Amino acid sequence: SGRGRIESFTINFQPWLPDMQVPFVFASIELQEQQNLRIASMVVNTNPEDVAIGQTVEVIFEQHEDVWLPLFQPAG
């Protein structure tokens with residue numbers, strides 16, 4: 001389904017790479033398809049202050065050369 005729920009998260013103010021935008025949200029997301037099946041990813045397209053545990057999110061994909069990264073954004 002591409003949907004999940006935020007289990008935990010952190011708001012990061014230190015960039016991991018020189019060109020990385022801060023702050024950014026890194027989260028553990030429990031996928032809708034199976035309880036306790038989680039993926040670690042970034043939550044994008046939202047204000048970091050609006051992210052909350054239990055929030056429903058949906059996957060989007062960001063391409064970097066020949067790699068597609070699964071990122072999550074608020075559902076809706």
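R5 is partly exposed, with a relative accessible area of 34%, where buried means under 20%, exposed over 50% and partly exposed in between (1.4 Å probe, protein chains only). The model is a predicted one, in which local features need pLDDT of at least 70 and side-chain atom pairs count only at pLDDT 80 or more, while totals for chains, interfaces and linings use all residues. Residues are numbered from 1 along each chain as its sequence is written, and side-chain values use heavy atoms, with hydrogens and water left out.

The protein has five strands and zero helices, these being DSSP runs numbered from the N terminus (strands E, at least two residues; helices H or I, at least four). Of its 76 residues, 26% are buried.

A salt bridge is a side-chain nitrogen of Lys or Arg within 4 Å of a carboxyl oxygen of Asp or Glu, and by this rule the count comes to five. The table includes three of them.

| Pair | Closest N to O |
|---|---|
| E58 and R3 | 3.3 Å |
| E7 and R5 | 2.3 Å |

The salt bridge between E58 and R3 links distant parts of the chain, as E58 lies in strand 4 (residues 56-64) and R3 in strand 1 (residues 3-12), 55 residues apart. R3 is partly exposed at 30% relative accessibility.

A network of salt bridges links R5, E7, E30 and R38. Within it, E30 counts as buried at 11% relative accessibility, whereas R38, at 39%, counts as partly exposed.
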